[in-house]
Amino acid sequence: MRQFSVLGLPVHIHENYRDWLAQRLQTNQGTHVVTINAEMTMQARKNPALANVIKQAELVVPDGSGIVLYLRSQGEKIDRCPGIELSEQIVQIAAEKQWRIFLIGGAPKVVDTVVDSWRQKWENIAIAGIHHGYFDPAIEQQICEQLQSSQPDLILVGLGVPRQELWIQKNRYLCPESVWIGVGGSFDIWSGIKTRAPEWFSNNNLEWLYRLYQEPWRWRRMLSLPHFVWCVTKESLFKKQ
């Protein structure tokens, strides 16, 4: 596992993230997986707590096209690793081996739909527990107690950035041998509420444009993309001097 720095944040480079994570699950090695993109990187520059979580994560994969293009410009031969695809691959392995999975996040009933869909795909999938992402402190305490008592192998947390990363860091001690993955809005896609960008958009690094089309309200957050380009360009020029 090689590590590269993007604006002071780690990105881990490996030829097969899926097998590496499966091995961690097999051997009960607690792992926090962060799927980083340009937007998260710029958030972390303003949020020291988020930056600290990313720096402490055992695996930070290059989810965003901006991250990948920057690494390629620095001579790294690397492909994008979409977090949703990596998570799906790990869920499939967990289902086949009957490793227990816990899902937290999404709107009410969304995770129920996801679990129903997965049970149709993998009859013997082991679901340790589920809960939507709208909970008060009292309900949160119940979720934590359920996590601690069930000790799932794989925990998928879809609370959005940075909430999910901070929540994982705060509660990892409850299940220290588990693999925790922040999955963002993946539950919406797995449930069928939303769709992923067509392959052409993904292949041409324009998935962000499709997301903007689906969610026009995200336009302010998308301003982080040109800001990211400006920051990494400045960093590259500084290194050459």
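Visitor: Where does Glu-177 lie, and why does it count as partly exposed?
Guide: In this predicted model, Glu-177 sits in the loop between α8 and β8 (179–182). Its relative accessibility is 49%, and since buried means under 20% and exposed over 50%, Glu-177 therefore counts as partly exposed.

Visitor: Which residues is Glu-177 in contact with, leaving aside its neighbours within four places in sequence?
Guide: With those neighbours set aside, Glu-177 is in contact with Asn-28, Gln-29 and Gly-30. As for Leu-154, which is 23 residues away along the chain, its C-alpha atom and that of Glu-177 are separated by 9.3 Å.

Visitor: Why are α7 and α8 called oblique to each other?
Guide: Two packed helices are described by the angle between their axes and the distance between the axes. For helix α7 (residues 137–150) and helix α8 (residues 163–171), the axes come within 12 Å and cross at roughly 55 degrees. Angles under 35 degrees count as roughly parallel and 65 to 115 as roughly perpendicular, and because the value for this pair belongs to neither range, nor to the roughly antiparallel one over 145, the two helices are oblique to each other. The crossing of α7 and α8 is right-handed.

Visitor: What makes the contact between α7 and α8?
Guide: Helix α7 contributes Glu-140, Ile-143, Cys-144 and Leu-147, while α8 contributes Trp-167, Lys-170 and Asn-171. By class, the residues of this contact divide into four nonpolar, one polar and two charged.

Visitor: Which residues of helix α4 are buried?
Guide: In helix α4 (residues 65–73), the buried residues are Ser-65, Ile-67, Val-68, Tyr-70 and Leu-71. The helix is followed by Gly-75, whose phi is positive, near 95 degrees.

Visitor: How many of the residues of the whole protein count as buried?
Guide: Of the 241 residues, 50% count as buried. The accessible surface of the protein comes to about 12,300 Å², and carbon and sulfur atoms account for 50% of that area.

How values were computed. Residues are numbered from 1 along each chain as its sequence is written. This is a predicted model: local features need pLDDT of at least 70, side-chain atom pairs count only at pLDDT 80 or more; totals for chains, interfaces and linings use all residues. Side-chain values use heavy atoms; hydrogens and water are left out. Buried means under 20% relative accessible area, exposed over 50%, partly exposed in between (1.4 Å probe, protein chains only). Accessible areas come from the Shrake-Rupley method with a 1.4 Å probe; for residues, only the protein chains shown count as cover. Axes are lines fitted to C-alpha atoms, for helices over the stretch in contact, and angles run from 0 to 180 degrees between N-to-C directions. Helices (H or I, at least four residues) and strands (E, at least two) are DSSP runs, numbered from the N terminus. A crossing is left-handed if the near helix is turned anticlockwise from the far one by less than a right angle, and right-handed if clockwise. Contact means heavy atoms within 4.5 Å. Ala, Val, Leu, Ile, Met, Phe, Trp, Tyr, Cys and Pro count as nonpolar, Asp, Glu, Lys and Arg as charged, and the others, Gly among them, as polar.
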